[in-house]
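Here are a few notes to read alongside the model. Keep the 3D view open as you go.

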Amino acid sequence: MSRIQTYSKSQLAALYLPNIQSASARRTLRSWIAKNPELQEALARTGYSEKAILLTPAQVGLFFKFLGEP
């Protein structure tokens, strides 16, 4: 079980996709966001930016809520 804390996008992607290259994992994570309008809306309410490197604990919690815990 992963802890809800600040993660970089690379770290979070690696939790979900530990067996692929970091760049591929980040691209996959971005595609999951793009395919999930509810997650997009919830992230937008937290001030999420696609360019941000770090994800806040609140944002990480949303990933766990919408995608399941890695």
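1. First, the ground rules. This is a predicted model, where local features need pLDDT of at least 70, side-chain atom pairs count only at pLDDT 80 or more, and totals for chains, interfaces and linings use all residues. Residues are numbered from 1 along each chain as its sequence is written, and side-chain values use heavy atoms, with hydrogens and water left out.

2. Start with the core. The largest nonpolar core has 17 residues, and Leu-12, Tyr-16, Leu-43 and Phe-63 have the most contacts inside it. (Such a core is a set of buried Ala, Val, Leu, Ile, Met, Phe, Trp, Tyr and Cys residues joined through side-chain atoms within 4.5 Å.) Two or more residues each come from α1, α2, α3 (37-45) and α4 (57-67), with α4 giving the largest share, 4 residues. The helices are DSSP runs (H or I, at least four residues), numbered from the N terminus.

3. Leaving aside neighbours within four places in sequence, Phe-63 is in contact (heavy atoms within 4.5 Å) with Leu-12, Tyr-16, Leu-29, Ile-33, Leu-39, Leu-43, Leu-55 and Gly-68.

4. Now the rings. The count comes to 1 aromatic pair: Tyr-16 and Trp-32, edge-to-face, 5.8 Å centre to centre with 85° between the planes. (Rings of Phe, Tyr and Trp, the last by its six-membered ring, pair if their centres lie within 6.5 Å; planes under 30 degrees apart are stacked, over 60 edge-to-face and the rest tilted.) Tyr-16 sits in α1 (residues 9-16) and Trp-32 in α2 (residues 22-34), so the pair ties together parts 16 residues apart in sequence.

5. Are these two partners buried or exposed? Tyr-16 is buried, at 15% relative accessible area, while Trp-32 is partly exposed at 28%. (Buried is under 20%, exposed over 50%, partly exposed in between, with a 1.4 Å probe and protein chains only.)

6. Asn-36 counts as buried at 16% relative accessibility, and its side chain reaches the backbone nitrogen of Leu-39 at 3.0 Å. Beyond its neighbours within four places in sequence, Asn-36 is in contact with Phe-66 and Leu-67.

7. Last, the lining of the largest cavity. Its residues include Lys-9, Arg-26, Tyr-48 and Phe-63, and α2 gives the largest share, 4 residues. (On a 1 Å grid over the protein atoms alone, a cavity is a set of points where a 1.4 Å probe fits but cannot get out; lining residues have an atom within 4 Å of a point.)

Notes: A polar contact is a pair of N or O atoms within 3.5 Å; within protein, one must be able to donate a hydrogen and the other to accept it, and residues adjacent in sequence count only if both atoms are side-chain atoms. On a 1 Å grid over the protein atoms alone, a cavity is a set of points where a 1.4 Å probe fits but cannot get out, and a pocket is an open set with protein on both sides within 12 Å along at least five of seven lines; lining residues have an atom within 4 Å of a point.
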